[in-house]
Amino acid sequence: MDKNLSESFKNTISLDSLGEMAKETAEVTLDSLLSEGVLKEFPIIGSLIGVWKTGIAIRDYRFINKLLSFLAESSKLSFEKRLQIIERLEEEGYQSEAGEKILAILDQLETKSKAIILGKSLVLFGNKEISKEEFWRVAYIIEKLPMSDVLALKSWRSTDLNAVEDIRKSLYLSVGLGAFVLDFSSEGFYWHKRLCEIFECKILL
């Protein structure tokens, strides 16, 4: 991931007018993407179009749509909170990589709806409702799980993880939503409550 893209992403997140601009581009079309238009007002969009010098492919168009959906949701944070949010997400010893990580995750998401809930997660972090570590764990879950399995977390409280079909259960275990304990007092598979609660009570409302 180009370092300039990461810096452009940080500059875009911290735009004072991000909310208004995101509304204007909520239903972006391919024609508007290919023209100069309002999209160039987003630093990250201008940088991306500069990278795609040979033309914009359908994959790139899909990425722009996911990015805009993410930005529209992120714009619900106050301007003051967005100013420092990327710095707050940096890992000690790995400076200037948070923007790259978010862009890489967005690139891997298969649907715009996932980009929206990733934006919701960023807002939760910005409002200090979840920690930095929880944000990255939630982002990983959103990236790796099929959307149907993410949505199924709305009813995790009434679902016995031991009774979940094997494929879905394996996916939940692989992303840290559940675990297995083998001892005399164990009930076998169990949910990791905090992560499940974040999805149920804060993201999938």
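Ser14 is buried, with a relative accessible area of 17% (buried means under 20% relative accessible area, with a 1.4 Å probe and protein chains only). The model is predicted, so local features need pLDDT of at least 70 and side-chain atom pairs count only at pLDDT 80 or more, while totals for chains, interfaces and linings use all residues. Residues are numbered from 1 along each chain as its sequence is written, and side-chain values use heavy atoms, without hydrogens and water.

Ser14 sits in the loop between α1 (3-13) and α2 (18-24); helices are DSSP runs of H or I with at least four residues, strands are E runs of at least two, and both are numbered from the N terminus. The Ser14 side chain reaches the backbone oxygen of Asn11 at 3.2 Å. Beyond its neighbours within four places in sequence, Ser14 is in contact with Phe79, Arg82 and Leu83, contact being heavy atoms within 4.5 Å.

The axes of α9 and α10 come within 10 Å and cross at roughly 175°; axes are lines fitted to C-alpha atoms over the stretch in contact, with angles from 0 to 180 degrees between N-to-C directions. That makes α9 roughly antiparallel to α10, a term for angles over 145 degrees. On the α9 side, Lys114, Ile117, Leu118, Ser121, Leu122 and Phe125 meet Lys132, Phe135, Val138, Ala139, Ile142 and Glu143 in α10.

Both helices also meet α13 (193-203). In α13, Leu195, Cys196, Ile198, Phe199, Glu200 and Ile203 are buried, and the buried residues pack against α9 (112-126), α10 (132-144), α11 (147-151) and β2 (188-191).

Conventions. Buried means under 20% relative accessible area, exposed over 50%, partly exposed in between (1.4 Å probe, protein chains only). A polar contact is a pair of N or O atoms within 3.5 Å; within protein, one must be able to donate a hydrogen and the other to accept it, and residues adjacent in sequence count only if both atoms are side-chain atoms. Angles under 35 degrees count as roughly parallel, over 145 as roughly antiparallel, 65 to 115 as roughly perpendicular and the rest as oblique.
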